[in-house]
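Morning, everyone. Today I'll talk about pockets. Please look at the model first.

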Amino acid sequence: MSIEIDGIHKAFGANQVLRGFSVEAREGETLVILGHSGSGKSVTIKHVVGLLQPDEGEVRVDGERVGGMDIEELFSLRRKVGFVFQFAALFDSMSVADNVAMGLRRMKEVSDEEREERVREALRVVDLVGFEDRAPSELSGGQRKRAGIARAIATRPGYLLYDEPTTGLDPITRAVVDRLINRMKDELGVTGIVITHDMESAFRVADRLAMLYEGKCRLEGTPDEFRNSEDPVVRAFIEGRPELMEEAE
Amino acid sequence: MTRTLLAPVRALGRGTRVFTLAVGSWGSLVVDAVRALRWVQIWAPLTLRQMTRIGVDSVPIALFIAAFTGIVLALQASYTFTGAIPLYFVGVLVGKTMMLELGPVLTGLALSGRVGANISAEIGTMRVTEQIDALETLAYPPVAYLVVPRVIAGTIMFPLVTALAIAMGIVAGWITAIQLLELSTPEFVNGLKLFFLPFDVTYALIKATSFGFVVTSIGCHFGFNTKGGAEGVGRSTTGAVVASSMVILVLDAFWAVLLL
């Protein structure tokens, strides 16, 4: 059980975003991918669920190549990989409960009663009991993120991909979301990939980290390896000191 | 000097390229929609709701436009015919014009604004807020979920709304004729029946069906290809209305050449 991103290249027109990025998320761990805004972090995880296809290289989930899957195989893959979007991407026209139930409606083996039970359970995990009938527009930023997580975990996926889960949140809500990410791993055994540039959050949730820089993996290691790194690019990012980066260049 | 002379040619070339790419992209979406018909369990439950939104909710505006068109047609016919042509020809003109031209085209244009803009803005907003990506990650084919129900609903409902609009236009013309033109009901009805062919109704419904298809599919196409934030949604919405209005007029001429 792992997600392997193996030497992927991706360009949008003349903009070469990824230039051979490789990293692996191992079973039961939370891997944090760090990088500047626009460095290609979100582009990377969209490859994992087949929303984007690499120009070169490949992504494997449980050893199976995502690039070679037909549409039905992609649907099966997406049922085992939950995706938490940066701004939650909740469906405006539906209540919170209907949003959470969306993925379950595509699972024939889940009965109506079981679906309702799973929606309740997912909302309980993210502490949103009582918000079932609210519209997404009636939720705060933190509640929206939690509803997005509830929607992603309702299908009980083995993997969760978090795209900037703490961006735009206050420090308390950030800590709540980080705790939730850790609970997903500890209580549900979920393997996670978290995309972020929030270092405080990264160190709170990461078992391992990888830094994406200029389309490649600059450093991959444990939180301690990152803290002790002498690489000026890594230090500049962790400490928020652009002058180190300028010196390195 | 040569550069200046060639500038219009270059502009024409660029315009042709953009147009060809847009038509290709729209055609590709239509092909995807045909392929997505196999996911009946996804689009079928959503189609009825779209039929209400696209069709039933559009009835008031279509009837409003048709009523005033019928009134104006009756009055202008009477003004044009003064003395030279018998007044019961008002019924001929109102009936024929509403059925063959103004009923389908005015309803189509009005609905391209209401329905096309709505579809493009809704799907465009879903695109820029990653809701379409979210659908995909939840194992929904977005074309089956968003495009197919709208295109089917539009193709079915446009002719129904158009039929109501034609009826309203004729009734408004009749009321105008008997109230303001000193024409009796039998005279108006005689005029209405004089050159009536059942094919007129078929012709109107064929046009309306094609308008329903293009307005909804073009709205979906612009929505799906929205880029950027609110500005992008605005651009898509305007583009959808302009493009579908133009295609309605081109199709109007096409059906006239082909069927009349």
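The largest pocket has a volume of about 630 Å³. What is a pocket here? On a 1 Å grid over the protein atoms alone, it is an open set of points where a 1.4 Å probe fits, with protein on both sides within 12 Å along at least five of seven lines. The volume is the space filled by probe spheres set on those points, which are joined across faces, edges and corners.

This is a predicted model: local features need pLDDT of at least 70, side-chain atom pairs count only at pLDDT 80 or more, and totals for chains, interfaces and linings use all residues. Residues are numbered from 1 along each chain as written, chains are lettered from A and ligands numbered from 1 in written order, and side-chain values use heavy atoms, without hydrogens or water.

Back to that pocket. Its lining has 28 residues, and nearest the centre are A:Met94, A:Met102, B:Leu46, B:Tyr140 and B:Tyr145. A lining residue has an atom within 4 Å of a point. Which helix gives the largest share of this lining? H2(B), with seven residues. By class, the lining holds 12 nonpolar, five polar and 11 charged residues.

Now the second largest pocket. About 530 Å³ of space lies there. It is lined by 16 residues, and closest to its centre are B:Phe19, B:Ala22, B:Val23, B:Phe222 and B:Ala243. H1(B) gives the most to this lining: seven residues. The classes here are 13 nonpolar, two polar and one charged. Helices are DSSP runs of H or I, at least four residues, numbered from the N terminus. Nonpolar means Ala, Val, Leu, Ile, Met, Phe, Trp, Tyr, Cys and Pro; charged means Asp, Glu, Lys and Arg; the others, Gly among them, are polar.

Technical notes:
Helices (H or I, at least four residues) and strands (E, at least two) are DSSP runs, numbered from the N terminus.
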